[in-house]
Amino acid sequence: MYIDGVFSGGGVKGIALVGALQAVEKKGLSFKRTAGTSAGALIAALIIAGYEGHELENILLDTDLTSLLEKNSGFTFPLLRWLMLYWNLGLYSGKDLELWVGGLLKKKGISTFGDLPEGSLKIIVSDITKGRLVVLPDDLAHYGFVPEQFSVAKAVRMSASLPFFFKPQPLYSINGKKHYMVDGGILSNFPLWVFQPPENKKPLRPVLGFQLSANFNQIPENKISNAVDMYQALFETMKRAHDARYIEDQKAQNIVFIPINQDITTAFKLERHGQKKLIMLGKERTSQFLNTWRKMPEIQRKDG
């Protein structure tokens with residue numbers, strides 16, 4: 001019994017998506033295609049590679065998340081930290097994250113998009129050089145790359161490159177021009193639209209979305225009292241605006257909202273207990289949703 005899945009970004013909050021996957025599996029559902037942004041791109045890639053919910057939980061609980069960030073003695077001194085941020089455009093390169101993801105994919109025999117079923121994985125990235133949203137691997141040909149030969153782990157790293165936290169990843173087009181790729185969440189943090197069928201055509205199968213926030217109608221207003229608050233509000237508005245409009249049109253009937261109140265997007269020091277709580281939250285919210293999801297009878301009648 002197949003569905004398609006779309007996973008939102010959210011950094012460390014993405015751990016809750018592992019619990020969501022476990023709830024989906026318990027219902028006897030499997031993902032035929034997945035898509036995601038940032039942490040959602042990571043989960044989407046690992047699911048299509050063949051990982052199951054219990055495997056991902058064990059991997060996360062056994063991984064020191066801080067090991068995914070390069071250690072740098074200069075971070076001890078605030079001035080050096082900000083100088084590095086100024087010149088390097090980010091505190092961390094994301095190299096260790098890419099190596100970790102690549103290692104996990106390799107265990108399932110996956111390296112490039114060509115190792116996956118065609119069209120089974122879509123990863124959202126923002127090209128801030130050209131000012132456009134990029135869907136990988138679909139748009140790679142525009143840059144002169146053969147999509148089937150492009151690294152899945154590198155695509156995940158690009159999508160997860162949160163501005164100023166991770167360095168933007170350069171992608172050189174066929175004419176030698178450098179394009180800076182960053183977190184896809186800047187332009188679409190929840191790309192539910194990516195599996196939208198052409199006009200007047202029915203979807204191949206139900207699409208279920210997983211959003212790491214409360215319902216868009218319940219999102220609290222931004223409180224702005226200084227320049228830092230204003231920057232954060234601008235960033236959050238950019239992340240939500242495009243997707244919120246689309247979700248309103250879709251009436252959110254196929255979306256699992258997983259409300260995580262605290263902002264732990266970059267909390268890589270989150271302890272094991274906190275990770276388990278996130279997994280349980282994702283599992284509980286998804287189970288509740290699936291118990292009343294009106295697409296369930298339709299899915300149970302169709303396989304494929």
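**Backbone and aromatic features of a predicted model**

Proline 137 lies in the loop between β5 (132–136) and α6 (152–159), where helices (H or I, at least four residues) and strands (E, at least two) are DSSP runs numbered from the N terminus. This is a predicted model, in which local features need pLDDT of at least 70 and side-chain atom pairs count only at pLDDT 80 or more, while totals for chains, interfaces and linings use all residues. Residues are numbered from 1 along each chain as its sequence is written, and side-chain values use heavy atoms, with hydrogens and water left out.

**Backbone**
- The peptide bond from leucine 136 to proline 137 is cis, with omega near 10°.
- Serine 38, in the loop between β2 (30–37) and α2 (39–49), has a positive phi near 55° although the residue is not glycine.
- Serine 38 is buried at 6% relative accessibility (buried means under 20% relative accessible area, exposed over 50%, partly exposed in between; 1.4 Å probe, protein chains only).

**Aromatic pairs**
- There are six aromatic pairs (Phe, Tyr and Trp rings, the six-membered one for Trp, with centres within 6.5 Å; planes under 30 degrees apart are stacked, over 60 edge-to-face, the rest tilted).
- Phenylalanine 145 and phenylalanine 150 pair edge-to-face, at 5.5 Å between centres and 85° between planes.
- Phenylalanine 145 is partly exposed at 28%, whereas phenylalanine 150 is buried at 5%.
- Phenylalanine 289 and tryptophan 293 form a tilted pair, because their planes meet at 40°, with centres 5.9 Å apart; both residues are buried.
- Phe7, Phe31 and Phe210 make up one aromatic cluster.

**Charges over rings**
- Lysine 32 sits over the face of tyrosine 2, 4.5 Å from the ring centre (NZ of Lys or CZ of Arg within 6 Å of the ring centre and within 35 degrees of the ring normal).
- Lysine 108 has its charged end over the ring of tyrosine 51, 4.7 Å from the centre.
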